[in-house]
Amino acid sequence: MPPTTPRTPRPRSRSGPSRAPRPPGGRPRRVVAAGAALAALVALAAAGPSAAAPGPTTASAPDAAAERTLLVDGEYTQRFLELYDKIHDPASGYFSPQGIPYHAVETLMVEAPDYGHETTSEAYSFWLWLETSYGQVTGDWEPFNHAWDTLEQYMIPTTENQPTNAAYDPAKPATYAPEFDHPSLYPSQLDPGVSVGADPIGAELESTYGTPEVYGMHWLADVDNVYGFGAAPGSSELLGPEHEGTSYINTFQRGPQESVWETVPQPSIDDFSYGGENGYLDLFTGDASYATQWKYTNAPDADARAVEAAYWANTFATEQGQPEAVADTVGKASKMGDYLRYALFDKYFKTAGCESTSCPAGTGRDGAHYLLSWYYAWGGALDTASPWAWRIGSSHAHFGYQNPMAAWALSNDPDLEPASPTASDDWATSLDRQLELFQWLQAPEGGIAGGATNSWDGHYAERPDDVATFYGMAYQEAPVYHDPPSNQWMGMQGWGVERIAQLYEETGDERAEAILDRWVPWVMEHITVTDDSWQVPANLAWSGQPDDWDAADPGDNAGLSVEVTGYGQDVGVAGALARSLMYYAAGGEGEQHAQAQQVAHDLLDAIWTQDSDPLGVATTETRADYARFDDVLSAPDGDGVYVPEGWTGTMPNGDTVEAGSSFLDLRSFYADDPQWQKVQDHLDGGPAPEFTYHRFWAQTAVATALADYDRLFGEGTPTDDTGR
């Protein structure tokens, strides 16, 4: 490890005078032992047995608890530890035998992942957050480092998984293929006649790290290999159903109308072992001929969340006097942030304001929009004798994916600033651009609208004359996907604004404060907590659009409006909202800040007392959408799995892929699930089934909110006018 040196003080935001954030009532921002007392506790912890279970499947939570030394304590810290132990108890089922976090304990689950025992880069990033809070409480950073090591082993493709990157040419990053509004318009024909811009960071990254490989997470993996592809970490070929372990897969490939119910699962390593004559490639892309290939897609919000967690882990470990405990992992997070810059560029590195495929190709940074877009992706040939490789960014940006806290850390924290010469400046520009995006999209009520695109209809089409613009990008109410609309779910509000709130609490950024001053009262107005119930917004409806963005004179967005159309008890959304309110409360003083602390406190108490169960915290939900399990496409523009007439192929288990296939036809394993009968009864005309789900990210959202409550407010418990 590198020698330990004092941390350089973190510079304040450039938006105005710096100030130390002040929590309500003068309570301490962080509850940590100080000076010699902390050093003694750290030394005691180091001298004794390991405070954490060696791994999620090798020690029970009670054993870990018995050996634990605490640096901080409190009622909410104890609740955090109780939930932490449930998550890590092997009997709970949150982790696979390999120690990989499942998307959920339950297997019968269809949402973004189409099976509960898949995992996502999202789940890994939340795991890092969980272990960050654990390290802050205990001073033990081995679980945090172990989580990153597992991420690196199973979610970042190895050399064997991406074997032909050396053939990548940054001057010709990819061949253009248009996106379309409905799956029935696919496959999309590759068009080498459309000019694409140059990749300005590819050569720099290779020079900096001495490798042509990409250090980023693929977004989706089949942890139990239920599909049977066997696209395993460390392999350049499919190992098939006999492989016992995780497998890289993908689902979404065909435009904004392709819901999860309309996807055809495919392996990220396509060697033509399964599918049709060309594997699965000709379902998505049209070409004169097809070659076996590898391809991965990154979810930038997850990589940014991992960087964000590493920032806080480094902050807490440094406050404890042991920055060396996380130094190696923080260095890896910095590297991930370097490659994450691919998300800041247009899909084909085209210039801003593009309205035709003949618009100018970008050179240098004029192909950058500087926002965290929906994805970046990279791929290439499996045949090393005929190598080629490609990389793309994305033209579509959703506010819920932005992470100004990560952008700030990557441009201001010396321990996280990436090694590439231009990276810190890129992230500094991105920080400003992301904050401006939130300002541009904020409705008068307080909610944040969807996002923007540089490629109208996914193929650089001409835009409507009256669409609002942001640095040449066009407003979209529901960026990226429409079934259901991507900005309908309240969780995007919690995820996106939580990072704004952290930036405010940590740096005092006045732009962040202004956004929160309007968002917080809107959210609090729609949260209800009683002695035996609670609810938060679930669904939103939007109308109108923002004003054209003018940084020198922002409009008031009088033509944009948001309405809460439904409420629910999603514990993950509630945890994210509580965290947002808490960071806002801890960042300043005044009645609204105190009220935000009160609402967060009451919401966390309600979840804990009303929804705790043996596996964590959960509520029952009705899944009327499960009626779509057996939907068959009956009209060219309808719902259902689209497979072109005449195309036929097979899944590894023998399921047939052909026109008329349903979601269930491609996933016959669901019929053997222990909870399947509830769905079958619904398909046979019975009521919509009910499930109690334990999503990994949702458990972590609540757990980290509990830990943060004691850290931010100490022993202070708010009281309202009734004296509670």
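Reader: What share of the 724 residues in the chain is buried?

Author: Buried residues make up 61% of them, where buried means under 20% relative accessible area, exposed over 50%, and partly exposed in between, with a 1.4 Å probe and protein chains only. Keep in mind that this is a predicted model: local features need pLDDT of at least 70, side-chain atom pairs count only at pLDDT 80 or more, and totals for chains, interfaces and linings use all residues. Residues are numbered from 1 along each chain as its sequence is written, and side-chain values use heavy atoms, with hydrogens and water left out.

Reader: OK. How many helices and strands are there?

Author: The chain has 16 helices and 23 strands. Those are DSSP runs numbered from the N terminus, with helices being H or I of at least four residues and strands E of at least two.

Reader: And what fraction of the contacts is between residues 24 or more positions apart?

Author: Among contacts with a separation of 6 or more, 75% are of that kind. Contact here means heavy atoms within 4.5 Å.

Reader: Let's do helix packing. At what angle do helix 13 and helix 14 pack?

Author: Helix 13 (residues 571-586) and helix 14 (residues 591-611) pack at about 150°, and their axes are 8 Å apart. So helix 13 is roughly antiparallel to helix 14. On cut-offs, angles under 35 degrees are roughly parallel, over 145 roughly antiparallel, 65 to 115 roughly perpendicular, and the rest oblique. The axes are lines fitted to C-alpha atoms over the stretch in contact, and angles run from 0 to 180 degrees between N-to-C directions.

Reader: Which residues of helix 13 and helix 14 meet?

Author: From helix 13, they include Ala574, Ala578, Leu581 and Met582, and from helix 14, Ala596, Ala600, Leu603 and Ile607 are among them. By class, that contact has 13 nonpolar, 3 polar and no charged residues. Nonpolar covers Ala, Val, Leu, Ile, Met, Phe, Trp, Tyr, Cys and Pro, charged covers Asp, Glu, Lys and Arg, and the others, Gly among them, are polar.

Reader: What about helix 10 and helix 11, how do their axes cross?

Author: The axes of helix 10 (residues 423-441) and helix 11 come within 12 Å and cross at roughly 120°, which means helix 10 is oblique to helix 11. Leu431, Leu435 and Phe438 of helix 10 touch Gly496, Val497, Ile500 and Leu503 of helix 11. That contact divides into 6 nonpolar, 1 polar and no charged residues.

Reader: Switching to the backbone. Which residues does a cis peptide bond join?

Author: One joins Tyr186 and Pro187, with omega about 10°. Another joins Asp483 and Pro484, with omega about -5°. Pro187 sits in the loop between helix 5 (142-154) and strand 2 (188-189), while Pro484 is in the loop between strand 14 (473-476) and helix 11 (491-507).

Reader: Which residues other than glycine have a positive phi?

Author: Phe349 is one, with phi near 55°, and Tyr471 is another, near 50°. Most residues other than glycine have a negative phi.

Reader: Is Phe349 buried or exposed?

Author: Phe349 is buried, at 1% relative accessible area, in the loop between helix 8 (327-339) and strand 9 (376-381). Tyr471 is partly exposed at 37%.

Reader: What does Leu371 touch?

Author: Leu371 also lies in the loop between helix 8 and strand 9 and is buried at 0%. Leaving out residues up to four places away in sequence, the residues Leu371 touches include Ala343, Leu344, Arg433, Leu437 and Phe470. Leu371 and Ala343 are 28 residues apart in sequence and 7.2 Å apart in space, C-alpha to C-alpha.
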